Amino acid sequence: MGLNFRKIFGFGGFRTSLSKGGVGVSWGIPGFRFGVNSQGRKYFTIGFPGLGIYFTKSIGSVNKKNAVEENPERLVDVSENTPKVLRVK
């Protein structure tokens, strides 16, 4: 278990989060929030204010590198017209 750091600054519906991993931003109202974390991943959160119960859904991928790491077969063309050697798109 390591030492962690996080500081959140808020103004109205806008929040900025500073941590050792970087800077994240989010905006919304209590119970509904959209944001971008320090790695650039977009997310949407729905929750019950005051209860600590919430659901977070990531939206899209950060960049092509991360998309390949999550789903490497997307880069391989395996159609019947492809030669025996697999090509990277």
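This report describes the fold, the surface and a few side-chain arrangements of one protein chain.

The model is predicted, so that local features need pLDDT of at least 70 and side-chain atom pairs count only at pLDDT 80 or more, while totals for chains, interfaces and linings use all residues. Residues are numbered from 1 along each chain as its sequence is written, and side-chain values use heavy atoms, with hydrogens and water left out.

The protein chain holds 1 helix and 8 strands, in the order β-β-β-β-β-β-α-β-β along the sequence; helices (H or I, at least four residues) and strands (E, at least two) are DSSP runs, numbered from the N terminus. Of its 89 residues, 11% are buried, where buried means under 20% relative accessible area, exposed over 50%, and partly exposed in between (1.4 Å probe, protein chains only).

| Residue | Relative accessible area | Class |
|---|---|---|
| Thr-45 | 16% | buried |
| Phe-34 | 25% | partly exposed |
| Trp-27 | 40% | partly exposed |

Thr-45 lies in strand E5 (residues 42-48), and its side chain makes a polar contact with that of Thr-56 at 3.2 Å; such a contact is a pair of N or O atoms within 3.5 Å, and within protein one must be able to donate a hydrogen and the other to accept it, residues adjacent in sequence counting only if both atoms are side-chain atoms.

In the whole structure the search finds 1 aromatic pair. Trp-27 and Phe-34 form this edge-to-face pair, 5.2 Å centre to centre with 65 degrees between the planes; rings of Phe, Tyr and Trp (its six-membered ring) pair if their centres lie within 6.5 Å, with planes under 30 degrees apart counted as stacked, over 60 as edge-to-face and the rest as tilted.
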